[in-house]
Amino acid sequence: MNLKRFASQKKIAIFSDNNTLANAVGIFVITTLFYFFGAALRLVDELSLFWPLNAVLAAVFVRNPFLNRPLYYFLCYSAMIVYDAFTASWGWMSIVINFSNMVFIITVAKLLLRYSSQQSENNWAINAFNIFHFSLIGALLCSLVGAVGSIDNINDYAKLIPLYADWVSEQFSTGVLMLPCLLSAKWPDWEKLPPFRLSRLYPLLGIVISLFASVIIGGAGSLAFPLPALIWCAIRYPLAITALVTLLTGATEIILVASSVINIHADHTLLVGQMFSARLGIATIVICPLIVSVSVDAINQLIKQTALRADFDYLTGVYSRSGLFEKLKKEGRLLGGKDRPLLCVMLLDIDFFKRINDNYGHECGDIVLTSFALKLRQAVGQKGLVARMGGEEFVVVVSVADEAQGYGLAEMVRKSIELNSFRYQQESLFITVSVGLATAKLTHKPVVDIFNELIHEADRNLYTSKRNGRNQTSATAADASEMASSFQSAP
């Protein structure tokens, strides 16, 4: 995941770049808490059924890059040693085994941070393949230390291979299950959540049914039963929810296998034990929906960005020409009403805009265009649409009660532009604008067709305003002075 994206996410501010003491306390508490949780899941053997500490701390260091300092690594290691000193009798084995935990944490955190720093702002999503690879690398390295440190007698090398395999499978599966969820977790934006529908729960129901089927049918193949439902979740839910669902599903399967609720026993004894293949199989399965979710999420982001670039002008923020046409096609009828039966189109052109670019530069020109568009949006409000047709030419589409009201709005905009200055490098600039106006009744015809007729008429009237000296509003087949004296206040 691109680390820049974390800055814009709502999250609990546990750590701070300028508070070393609070960071140290936070690291120590988190390490102790999840060490206790992992120890509570210990089986008869020394290893735990599920060891979340390493993945949690790796995610903490990735989401807070400023914590990647020897001091905080040492505090993690110290918290592990202190916990074992009060709860276990491992002695020197605790030093070696906990060092193996640090190998996984530091390796995975460093790899993810290095990968994230190489990504552009647009490529923000988790790359599931890299989490898969980095977890495997961390598991292989830390298991070498952990397996050797877990053997009481150095000559008892027969235990090394199965012990190493158990370490690798546990560390690898836990990393693949937990890291996507931990790295993508954020506070939900409740205002943007879609309305609840019962159909949105169907993928979760599919997972529950598939887990029941795994228990009833059994066998190694039953571990793959939830895969179709997980892919369904990846298509229907956002990335963060998919990652959480895969974590819960994978953890549930591991617990069910370890408790013999899901029976995957073979007829012969494997060298490395049944949990080895179970964990590897589950880790491989859960990565599939994450890959799908990343793809779907990236496609949705691309579609959203493309739509925004096509529908809105990148400089001024108002509608583009194509965006205005699309808006009129979809929601044009919403512009009218019983008290506003006419559609008014105003074509506005900034007078002598080329002189601004020539005398002050294009940066100044961009500032003038942006400020001008803002004034148009403020004047029109929610009752109409503002679009940039190209260059310094803008169009306003608004419904009015009569022609005089449309003329009044155009004059209000024109006079507001004339009387207000634009600031650029401590200098005040004054501009004027010419307006061409056209009005027609909203009929049964599509609004886009009415707009197309009016825009040509407004263009002719704009030419009239320029020909007659600029800084004025021209309308069709009407006496402008008579209209100006009869219009009411603008909407």
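Let's start with one side chain: Glu411 counts as buried, because its relative accessibility is 9%, below the 20% cut-off for that class. Please keep in mind that this is a predicted model. Glu411 sits in helix H15, which covers residues 403-419. The side chain of Glu411 also has a partner, as a polar contact of 2.8 Å links it to the side chain of Arg414.

S7 is joined to strand S6 (residues 433-441) by two bridges, and the two run in the parallel sense. Within this part of the sheet, Gly436 stands opposite Ser474 of S7.

Now let's visit another part of the chain, where two helices pack together. The axes of helix H2 (residues 20-40) and helix H3 (residues 53-63) come within 9 Å of each other and cross at roughly 155 degrees. H2 is therefore roughly antiparallel to H3, since angles over 145 degrees are classed that way. The contact brings together Ile27, Ile30, Thr31, Phe34 and Tyr35 from H2 with Leu53, Val56, Leu57, Val60 and Phe61 from H3. As for handedness, H2 passes H3 in a right-handed crossing.

Asn98 belongs to helix H5 (residues 92-117). With a relative accessibility of 0%, Asn98 counts as buried.

| Residue | Relative accessibility |
|---|---|
| Glu411 | 9% |
| Asn98 | 0% |

Finally, a look at the whole molecule. The protein chain has 17 helices and seven strands. Of its 491 residues, 46% count as buried. Among contacts in the chain with a separation of 6 or more, 74% are between residues 24 or more positions apart.

How values were computed. Residues are numbered from 1 along each chain as its sequence is written. This is a predicted model: local features need pLDDT of at least 70, side-chain atom pairs count only at pLDDT 80 or more; totals for chains, interfaces and linings use all residues. Side-chain values use heavy atoms; hydrogens and water are left out. Helices (H or I, at least four residues) and strands (E, at least two) are DSSP runs, numbered from the N terminus. Buried means under 20% relative accessible area, exposed over 50%, partly exposed in between (1.4 Å probe, protein chains only). A polar contact is a pair of N or O atoms within 3.5 Å; within protein, one must be able to donate a hydrogen and the other to accept it, and residues adjacent in sequence count only if both atoms are side-chain atoms. Two strands pair if DSSP finds at least two bridges between them. Axes are lines fitted to C-alpha atoms, for helices over the stretch in contact, and angles run from 0 to 180 degrees between N-to-C directions. Angles under 35 degrees count as roughly parallel, over 145 as roughly antiparallel, 65 to 115 as roughly perpendicular and the rest as oblique. A crossing is left-handed if the near helix is turned anticlockwise from the far one by less than a right angle, and right-handed if clockwise. Contact means heavy atoms within 4.5 Å.
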